[in-house]
Structure formats: structure tokens, C-alpha cells
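This report describes the architecture of one protein chain for a reader who has the coordinates at hand. Please consult the display below while reading.

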Amino acid sequence: MKKKVVPSTNTGMFQLGWVHPRIVEAFKGLTADQLTSRRKSGKFIEGIHWVKDPVGTIMWHFENLDSWVEGKQ
């Protein structure tokens with residue numbers, strides 16, 4: 001199934017939504033180990049910053065990680 005890419009209403013740019021940790025590392029510089037340790041320590045909130053997909057892979061919300069970096073969540 002092809003993923004639908006939805007343009008953001010407030011920036012005119014595309015939103016990526018839930019992505020694999022490799023995407024986060026490539027575009028934001030946070031490694032899988034950094035993501036995991038911050039998730040386990042409770043710095044990232046389940047359902048906002050990360051979710052577990054049906055096969056058990058942790059997926060990350062690309063845009064919501066920006067909010068965390070900016071101190072908003």
C-alpha cells in the first residue's frame with residue numbers, strides 16, 4: 001500500500017508523520033541508540049513521539065520530535 005503524503009497546512013511543506021529510526025538519524029542526527037535511551041528514560045512520550053507498529057517496530061513521529069527539541073513537548 002502506498003503511503004499518502006499530506007502537505008502541512010501551516011508551513012506549505014510535506015509532513016512525514018511516523019517514520020523508521022533510520023529516517024530520524026538521516027535527517028535529524030539522532031541515532032537509534034539515542035532514541036531508545038531517551039524513550040526508555042521517559043523523555044519521549046508514547047503516542048506523541050513514538051509508537052510500536054503491529055510487528056513491534058518502534059516508529060517515530062518526525063514533526064513531533066521537533067517540538068521536543070524546541071521544548072514544547
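Which residues in helix 1 meet which residues in helix 3?

## Packing of helix 1 and helix 3

In helix 1, Ile23, Val24, Phe27 and Lys28 meet Phe62, Leu65 and Asp66 in helix 3, where contact means heavy atoms within 4.5 Å. By class, this contact has five nonpolar, no polar and two charged residues; Ala, Val, Leu, Ile, Met, Phe, Trp, Tyr, Cys and Pro count as nonpolar, Asp, Glu, Lys and Arg as charged, and the others, Gly among them, as polar.

Two packed helices are described by the angle between their axes and the distance between the axes. Helix 1 (residues 21-28) and helix 3 (residues 62-69) pack at an angle of about 50°, and their axes are 11 Å apart. Helix 1 is therefore oblique to helix 3; angles under 35 degrees count as roughly parallel, over 145 as roughly antiparallel, 65 to 115 as roughly perpendicular and the rest as oblique. Axes are lines fitted to C-alpha atoms, for helices over the stretch in contact, and angles run from 0 to 180 degrees between N-to-C directions. The crossing of helix 1 past helix 3 is right-handed, that is, the near helix is turned clockwise from the far one by less than a right angle.

## Basis of the model and overall composition

This is a predicted model, in which local features need pLDDT of at least 70 and side-chain atom pairs count only at pLDDT 80 or more, while totals for chains, interfaces and linings use all residues. Residues are numbered from 1 along each chain as its sequence is written, and side-chain values use heavy atoms, with hydrogens and water left out.

The chain contains three helices and five strands, which follow the pattern β-β-β-α-α-β-β-α along the sequence. Helices (H or I, at least four residues) and strands (E, at least two) are DSSP runs, numbered from the N terminus. Of the 73 residues in the chain, 26% are buried, meaning under 20% relative accessible area, with exposed over 50% and partly exposed in between (1.4 Å probe, protein chains only). Among contacts between residues at least 6 apart in sequence, 46% join residues at least 24 apart.

Strands of a sheet pair through backbone hydrogen bonds, either parallel or antiparallel. Here an open sheet of three strands has the order 3-5-4 with antiparallel pairing; two strands pair if DSSP finds at least two bridges between them. Strand 3 (18-19) and strand 4 (50-52) are the edge strands, each pairing on one side only.

Strand 4 pairs with strand 5 (residues 58-61) over three bridges, and lysine 52 stands opposite isoleucine 58 in strand 5. The hairpin of these two strands has five residues between them, and glycine 56 takes a positive phi near 95° there. Strand 3 pairs with strand 5 over two bridges, with tryptophan 18 opposite histidine 61.

Histidine 61 counts as buried because its relative accessibility is 16%. Leaving aside neighbours within four places in sequence, histidine 61 is in contact with Gly17, Trp18, Ile48 and His49. The C-alpha atoms of histidine 61 and valine 51, ten residues apart along the chain, are separated by 8.2 Å.

Helix 3 lies across strand 3 and strand 5, at about 65° to strand 5. Its buried residues are Phe62, Glu63, Leu65 and Ser67, and their cover includes strand 2 (14-15), strand 3, helix 1 and strand 5. Phenylalanine 62 counts as buried because its relative accessibility is 13%. Beyond neighbours within four places in sequence, phenylalanine 62 is in contact with Leu16, Gly17, Val19, Ile23, Phe27 and Lys28. The C-alpha atoms of phenylalanine 62 and lysine 28, 34 residues apart along the chain, are separated by 8.8 Å. Just after helix 3, glycine 71 takes a positive phi of about 80°.
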